[in-house]
Structure formats: C-alpha cells, structure tokens
Amino acid sequence: MKKSIIIIGMALTALFSACADWVNVSPKEEVEADKLFNSENGFKSALIGVYARMTLTENYGKNLSYGYIEDLVQRYDNYSIVPTDAKRAERYDYKNDKTAKEYVNSIWQESYNTIANLNNLLNYLENKGRDVILTEGLWEQIKGEALGLRAFHYFDLLRLYGPIYSKDPDMKCLPWRTEFNAERLPLASASEIAGHIIDDLKGAEELLKDKSLAEDTVRNRRHRMNRMAVKGLMARVYLWVGDKTNAAVKAQEVIDECGLSLVRSNLEDVSLFDETLFALGMDDMEEKLKSDWADITLYSNEYYISLENARSVFDYTTIGVNDIRYRSGYGFIHGVNGLLCRKYLGKSVLYKEKIPLIRLSEMYYILAESVALADSEKYINTVRNARGISRNYDLTFSGENERIEALNKEYQKDFFAEGQWFYFLKRHNYSTFHRCPVAEMVYYVLPTPDDEIAYGTVNE
C-alpha cells in the first residue's frame, strides 16, 4: 500500500524550533505521513499544511474569496471593452464554457483534496495521536480545529454544488468522505450533508471548550478555527437550513463571548481584522496579488469597479457619503477611472496579509434575519452606524420583504470582495440582482464535475 503524502507548512527546522506561533506559514515541502505523525510537531505541521493550502489561488487565496465567487455576482469592471450581457452570462454556462467548466472542476477538486488531508490527519489522531501528543489539551485542540475545518470546506461545497436548500433539501449533491481513500461513494442529499456538518461542528465546539491553553483566545487565534469561529460557522449553517432559532442562539453567543467589537474605521484596518473571527494569513500577499490589487489610481487589469457601480452599491447619493466601506482612503481607493477595494492591500496598514473568512458583522446580520421583525432593526442599524451611516437613516421594517432587501444591501456592501453575497442571494433564491446579466438568475447550483462521475470517486 502506498504511503500517504500530506502537504505541510514551512521547513521542518523552523517548525521544530519550538516557535510559539505555528500558524502563518506557507506550503513548501511534502513528507511521508507515517513519518510525519511520529511527533507532536508532525501533527502540528499537518494542520498548518491545511491552513497554508487554503491560501492557494484555487482555494480561499482567490477563487473562494475575492475572485470567482464575486465574478458570479458581476462585481467588477476590469475589462477593456464593456461586454454585452450575453458575454457576461457565459460564466454561468458551467457545462460548456471552457473557463466556467474549469472553475467548477477546480473548486471541487481542491476542496476535496483539502478534505482528504483533514481526513488523513483525523485518522492518525485517532489511531496514533494519543500515544504521540503528550502536551495537555493539544490532542483536543488539533482535532477540534480539524473537524471545524472539514465542516467549513463541506459547507462551502454544499453552498456551491448543493440546491437552494429551502426548495430541495433532498437533492443528491455531494459525497460525504471521512476516510483517506479514493473509494467511489454515492452522492448524499443536501440535508444529509448538512447534518454531518453540524455534527462535526458540535464535536469541534466541545473539543475547543478548554480555555487553559495560553493562546486560546479569539484575539490571539484568529488565524485558526477557534471556538468562536466554530460557533459563527454553526450560525451560518443553521440559517442555511432554515433553523433560525439555533442560528440566533449561536450568533448571540458569538457577540456576547468573542470579546471583539465592530470596526468603526478601516483607514488602517483595511480588512476589518479587529472584528474577524477567522482569517487566513497569506505570506507575501502584496507580491502574490499585485496583478489583482495594486496601490495605484489608474486601473487596467486590477479588480476595480466603476464610479457608477460603486455609487449604486453604496447608496452614495442618499446615505453612503460617510460609509467607511465606500469612502476614499477607507474602504476604497478612489482612482482616476474607478475605485479599488483596499482589503487586500498591505501598504501603510495596521494588519497585513489577511483573508477574512468569518466576521462579527455577519453575526449581527444573522440575528437580524432570525429574530422577530420588530427586534431585527437594531441589529442591522448597529452595523450601519458602526460603518458611518447616521442614526438619522436608521431602518424600520413594515414587512418581511423590507427586512430581506435591507440585508441584501448590507451583504452586498459589507462583504465586498469576500464572496459572501453570492451565498445570500442563493439562499433567498433572488431572481435578479444588481447588474444581473440574465433575465432570471437560475444558475446558483454548480454541477458535479463530469469527470468525477465518469472516472472519479462518486456514483450518481
């Protein structure tokens, strides 16, 4: 039987030097798994490798953060000739358009590769970890993070390749894998996958409850799948499956327990890291992303948006003039021919090289959607006020449609270049959206890659 190979982080000599921060590293070498898991540092290294893998372009380093997912909702204006609606709609032709098909295949493959690494780590934890990991609480910490990360990846697969959940929870969409092998498995229903995800998150929450570890605070562990990030992800999942009661409970727990506050100025904190529950650290981000984000004022291939686009998104003519998500030098650079989001720029900022994945503001939005209509206004207004919108413009709702449309605007603004707006639109089955290029948006469900069915590891 072949020895399994697992991606790890930095050079082992650096890892074995007992550095306290074993988080923000890059994948640079491979080690045979049976040798890797002979020490505590080997287990740490395997977990680091997962975080490092997540920063790759194919994963959350681009496609699943500011790139492909934002392209699906037509965010940017970085084209030399303004395309027709038909041209912009080609990205929804998942079966025939070459570029669209490549994205569909790549995201599936890379996500399952990461899950395979997590399953391998979890297998060794169960079979060998107790004998090797002797530091008190470390076995529980590593397993808790691994379960949380597996749930995180499966949930995004579900949100992409699964159905609009409220319409068809029984749709077969994903294989649920917990073993490190290539066995062909049937597609499980969306509700089955969601149940497994929740089970993983409950397990992670329980394992990460021990606060005796010195670094076990949200503020010090925001590059890790910490306990508050697990709770925040649980709130996301519960809302996705329509369990608003539990969604509200978990969102409120995060707000009450995380010790973070909503950011009121992104002049230096460009990615709003001070309110981030879970982020990735990308080494050398400025160099790696310079073709997409550059601290300049005249744009060509960068992910800029037109002034007209920005003013519409951020309600400039009515309430948005002081919104830090829009203001020049705060949320955006207002350039000669458009605006460029500052979240991925590293010059003269407080925190560098951050990819935000779960933020505190989302917990307020989840509460706003999950509680009674009369109680929801304060949660949306709390975020709006923190972002610089005057209390004179506080929202009141007379009906459910008004609430959902207000949240639609907030997701569109707050998670610009983070990939979360697409999931909001899908969850509510919006038939159209700002600058939608098709008469009716019926392209929320990415198909299972053909090769996975014909030659791969799933059975229809």
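What volume does the largest cavity have? About 110 Å³; a cavity is a set of points on a 1 Å grid over the protein atoms alone where a 1.4 Å probe fits but cannot get out.

This is a predicted model, in which local features need pLDDT of at least 70 and side-chain atom pairs count only at pLDDT 80 or more, while totals for chains, interfaces and linings use all residues. Residues are numbered from 1 along each chain as its sequence is written, and side-chain values use heavy atoms, with hydrogens and water left out.

Start with the whole protein, which has 17 helices and 11 strands (DSSP runs: H or I of at least four residues for helices, E of at least two for strands). Of its 460 residues, 59% are buried, meaning under 20% relative accessible area with a 1.4 Å probe, protein chains only.

Next, select S111 in helix α6 (residues 98–132). S111 counts as buried because its relative accessibility is 4%. Leaving aside residues up to four places away in sequence, S111 touches N59, L64 and L157 (heavy atoms within 4.5 Å). Its side chain reaches the backbone oxygen of I107 at 2.8 Å.

Now select the lining of the largest cavity, whose residues include F155, R236, W240, E362 and Y411; lining residues have an atom within 4 Å of a point. Helices α7 (138–161), α9 (227–240), α13 (360–370) and α16 (420–427) each supply at least two lining residues, and α16 gives the most, with 4.

Definitions and conventions. Buried < 20%, exposed > 50% of the residue type's maximum accessible area, 1.4 Å probe, protein only. Polar contact = N/O pair within 3.5 Å; in protein donor to acceptor, adjacent residues only side chain to side chain. 1 Å grid on protein atoms, 1.4 Å probe; cavity = no way out; pocket = protein on both sides within 12 Å on 5 of 7 lines; lining within 4 Å. Points joined across faces, edges and corners; volume = space filled by probe spheres on them.
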